[in-house]
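I am opening a notebook on a structure that is new to me.

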Amino acid sequence: MTQEIIKFLTAGNVDDGKSTLIGRLLYDTNSLYQDQIEEVTKSTDASFKGGDLDFSLFLDGLTSERSQRITIDAAYRYFSHNEQKFIIADAPGHEQYTRNMAVAASNSNVAIILIDALKGIKTQTIRHSYISNLFGIKNIVVAVNKMDLVNNDQKVFDKIKREYLQKVKSLDFDNIYFVPIIALIGDNIVKKSDNIEWYKGKSIIDYLLTIKEKTSDKAITRFQVQNVIKDDRKRYYQGLLSSGILNVGDGVSAYPLRKNATITEIIHSSKDKQTAYSNNSILIRLDKDIDLDRGGLISDFANKPQLSNQFNCNLLWFSEESFAKGNSSEYFIKLNHNYTRARIDDIHYHINVENLQKDTNIESIQQNQIANIDISLSEPLAFDDFKTNRKTGSFLLIDKSSNETIACGIINKVSNSKNGKNTNSGFFSELCSLFKKYFIK
């Protein structure tokens, strides 16, 4: 069984110091090569006031980004500290790149939200906190940066803490930790600060080392079929064990066919195994041939997925072209390696990211808005609600003509659409007409 990797993102408003924080984190954990340090030393502008190194340049790899001192995409970095492995996602702060932040959140289990001590809490601060929570992150570290610019004043820190807790009180985080930092010189990032003597909590790295992800993913078994291989009259199902544990001899259910079988063989890294663990890419063989294709889902008996062609979800709209209520356009949906047609049936409300209240007086979904909607599919698919399993309860919505990803979403529950709408009336009307015309006499 492999060691669990701590995956976290950094987010916040523009210029709050995300790239500097991560650069400092990599530098102070000895996770950089000497040639990287030498390159950044050469690239650091002579007028830079932070010293010999501009730590933000360790993240901003593109020349255009460096010249503008911005981050326009989610940058991923890997490092180890005290024998623990980490993956960092540096999410962009600009509102137009909210989609990048959402992708980073969907792949993380902890979020570091930065706040500039001088500027205080901004709309993007709350937007990023909400998206983190929306995509299943339960543990937050709020890093109040640039404390030196407010003379390390505890009153400023305490005021930001009170305001933040008030603004996010409706979100169901398990833990929120507040840390005053000075990213430029590394205070309270890896080492405790000598300059902020009143702070008695842990450094950021110590919080990351002690935070344990609380999720139900490990309690259920979900094997996502990506390919079917036939070898010497044997049928193998290839895919990712996205959660849970599988053993030879286990009874499982195969979806969407709802057929039961027993695992007779597991292959991982070209070797026969008795057990496979979460996040293993494996081959499995069953005691009977089941006509599963890419997109099939294999589960344990005790925790079976939903099987439906309709669900309610929360959607983050990416596209510059808005979606109007009542629009019957078809899209493609990518759900658990399935790629099928979908339609938005109803919009229930928006989330106002400034106060996190529900706005029901809406007629459309605009770019970067978060909406609660109903979706119908052209065929029943197996899935979970997002709270049960993050990987099998999330999806992408894709424009049929441009192939552009226009939204991502998380599933709340199976739903029945309003006004009596169902997938037969929308997707299969033409098929039914043809069937009646040629086969019913």
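**Entry 1: aromatic rings**

I began with F86, which counts as buried because its relative accessibility is 1% (buried means under 20% relative accessible area with a 1.4 Å probe, protein chains only). I noted before going on that this is a predicted model, in which local features need pLDDT of at least 70, side-chain atom pairs count only at pLDDT 80 or more, and totals for chains, interfaces and linings use all residues. Residues are numbered from 1 along each chain as its sequence is written, and side-chain values use heavy atoms, with hydrogens and water left out.

Next I looked up the aromatic pairs and found 12 of them in the structure; rings of Phe, Tyr and Trp (its six-membered ring) pair if their centres lie within 6.5 Å, and planes under 30 degrees apart count as stacked, over 60 as edge-to-face and the rest as tilted. F79 and F86 are a stacked pair, because their ring centres are 4.7 Å apart and their planes stand at 5 degrees. F79 counts as buried, with 5% relative accessibility, and F8, F79 and F86 form one aromatic cluster.

I then turned to F311 and F383, an edge-to-face pair with 5.3 Å from centre to centre and 65 degrees between the planes. This pair links distant parts of the chain, since F311 lies in strand β16 (residues 306–317) and F383 in strand β22 (residues 370–383), 72 residues apart; strands are DSSP runs (E, at least two residues), and helices are runs of H or I of at least four, numbered from the N terminus. F311 counts as buried at 0% relative accessibility, and F383 is buried with a relative accessible area of 0%.

**Entry 2: N312**

I found N312 in strand β16, where N312 counts as buried at 7% relative accessibility. The C-alpha atoms of N312 and D374 are separated by 4.4 Å, although these residues are 62 apart along the chain. I also looked for polar contacts (a pair of N or O atoms within 3.5 Å; within protein, one must be able to donate a hydrogen and the other to accept it, and residues adjacent in sequence count only if both atoms are side-chain atoms). One of 3.0 Å joins the side chains of N312 and N372, and the side chain of N312 reaches the backbone oxygen of I373 at 3.1 Å.

**Entry 3: the whole chain**

Note on methods
Buried < 20%, exposed > 50% of the residue type's maximum accessible area, 1.4 Å probe, protein only.
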